[in-house]
Amino acid sequence: MAPSPSPGPAAPRAAPLRLLLLLLLASECALAALLPAREATQFLRPRQRRAFQVFEEAKQGHLERECVEELCSREEAREVFENDPETDYFYPRYLDCINKYGSPYTKNPGFATCVQNLPDQCTPNPCDKKGTQACQDLMGNFFCLCKAGWGGRLCDKDVNECSQENGGCLQICHNKPGSFHCACHSGFQLSSDGRTCQDIDECADSEACGEARCKNLPGSYSCLCDKGFAYSSQEKACRDVDECLQGRCEQVCVNSPGSYTCHCDGRGGLKLSQDMDTCEDILPCVPFSLAKSVKSLYLGRMFSGTPVIRLRFKRLQPTRLVAEFDFRTFDPEGILLFAGGHQDSTWIVLALRAGRLELQLRYNGVGRVTSSGPVINHGMWQTISVEELARNLVIKVNRDAVMKIAVAGDLFQPERGLYHLNLTVGGIPFHEKDLVQPINPRLDGCMRSWNWLNGEDTTIQETVKANAKMQCFSVTERGSFYPGSGFAFYSLDYMRTPLDIRTESTWEIEVVAHIRPAADTGVLFALWVPDLRAVPLSVALVDYHSTKKLKKQLVVLAVEHVALALMEIKVCDGQEHMVTISLREGEATLEVDGTRGQSEVSAAQLQERLAVLEKHLQSPVLTFAGGLPGRCSLPCSSWVRGSRDAQLGHPRSNPDRLAFLVVCFKRKGKSRWVLSGHYGASVLVRSLAEAEKHVRGPALA
């Protein structure tokens, strides 16, 4: 290390500098004393800065002479800086410059630069360049003046403006080195002030929601669809919601655009509850007497005309036939009894045709038919007897002979040493086509107090007593009673084939029904396409409005599952009501008690539905009354319950498949229920009287 330089002659040279400084300060004070305080303050501030600058320049000049051009001691450096902190800072570093560059006398340029920079604490600049506005040199120290957004001794620390009141931002504040900026949530945009946010109206874009309705929301928007539809963001359209996939219905669910309908197993005695989703029991609202008589025999139980009773008598000697019974019916046609041998032998059949007794007989291969007596299908009890008397058959009604026919033989026929007689009730033991004159064999009637061959058979009463299905209702009236457990159906053709083959076929359906329902739910009339298991047309009683989801007693006319018209009805008032429907090309009407029902479809929809119906009518269809086979997606699929007097217009029936209906219709004069259809020449047409019985349910006792 170089020896410390002595003070030497530096002191005399510092005297003029001090004198100059004192003169300057004295002049400044004099001016301040002469000026007012405010002006003096404004004057002194710049003068102070100039004096400081002069001092700095003077200090650099002294430093140049004392320590750069010559070697200076610590005391000489103290005279230059005139304070200890700067001297203590300067002198050790001055010695480092000497060690590094040599003494001043070597005239090394690096030494001069090294010494000249030692007094300035801001050279080199200790402050962070990015965050510093300026560096101020102090006495042995420095001060970093920071830019906005920076802090710390060296201005190298970022100030997080967002930590204080969110930086003044309304929504989002983003801090960044030395600064920050405001931002907004999605759906908002930054206002011109750079701090607040305003909502963006996405609905101003007509394509925002596509087919759906657009509703602007604060910071967002919503695409709205009608009830029963959901918005698809990919397709920008409203798509139907299949509520049936959500398991809303207790039993059967049918989805439709924007809605759905629940159906219950009407055949199982269920209907929709008040909530329109669950099911409840169908309960009768009008009482009907369902009591049966154990002492009566129902003749119409076997729908194919098969006998309900078969008896076989064997005798050791010739025996004459004697049979007597009480009988009641509203049915105009059917078989009471058969007596005799096999089909090709001797036999007689006592039947009813057009309400009068008819006797068909075959003796020795010769057949005859005779009819006589009063009309007896008035529903009143009367006593009927058949007796062989001296080669004659005598038929009596209420002890009065109405027929006496000579015969050429006996009904008991010898076979293997015995005389045999077959007797059947309510049917014949062979097919109806093999009769002398074909007849519909099934008779909806009732017997009681029977006596076969003077009471020799006693087993029938015990059999009837043990089987309720063989018994008749105790209380009856004209018409058909349907207990809610079946239906009747017919094979009808509703297409009209014109005589001119160049003319297109037309169609027409008319139904008039006088009903007295016992429950508020059930199918009155329907068409069924067996091949497609489809129901192209139905008329039903329901207790709810399917689209409005309201409980209400209605008659509904529907094509497939679409209701065309409906009309309110008081089904549980115990009164008779008239239901009329008429459908033809371009027209469909429903009336209840003379009041026209309300249309549920537009004119275009009506034409579309009628076109669907016409297409179905070109296929084989069955006409159902009182119910439907299987479960169907209809306004109602349950059996009807109640009573009615009914007649079908020219039906081609399938009597062995007929079942029970549900409604009571009283007839006064002409029949009150007519199904009108048009038939081609090849269609077998039975008489009206013959057709009427097939709409009936259980026998009237």
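Helices H4 and H5 cross with a right-handed geometry in this predicted model. H4 spans residues 84-101, and H5 spans residues 109-117. Their axes come within 9 Å. The crossing angle is roughly 165°, so H4 runs roughly antiparallel to H5. The cut-off behind that label is 145 degrees, over which angles count as roughly antiparallel.

Residues from both helices build the contact. H4 supplies Phe-90, Tyr-94, Cys-97, Ile-98 and Tyr-101. H5 answers with Gly-110, Phe-111, Cys-114 and Val-115.

Next come the annotated domains. An unreviewed UniProt entry carries the annotation "domain: EGF-like" for three stretches: residues 118-156, 158-198 and 199-235. Take residues 199-235. This span is 0% helix and 41% strand. Its end C-alpha atoms lie 26 Å apart.

Further along the chain, look at Gln-471. The residue sits in a loop. Is Gln-471 buried or exposed? Its relative accessible area is 8%. Buried means under 20%, so Gln-471 counts as buried.

Leaving out residues up to four places away in sequence, Gln-471 touches Lys-292, Ser-293, Val-294, Ser-296 and Tyr-298, along with Val-464 and Lys-465.

Conventions:
Residues numbered from 1 in each chain as written. Predicted model: local features only at pLDDT ≥ 70, side-chain atom pairs only at ≥ 80, totals over all residues. Heavy atoms only, no water. UniProt positions renumbered as here; feature names shortened; annotations may be inferred. Helix = DSSP H or I, 4+ residues; strand = E, 2+ residues; numbered from the N terminus. Buried < 20%, exposed > 50% of the residue type's maximum accessible area, 1.4 Å probe, protein only. Contact = heavy atoms within 4.5 Å. Axes fitted to C-alpha atoms, helices over the stretch in contact; angles between N-to-C directions. Parallel < 35°, antiparallel > 145°, perpendicular 65-115°, else oblique. Left-handed = near helix turned anticlockwise from the far one by under 90°.
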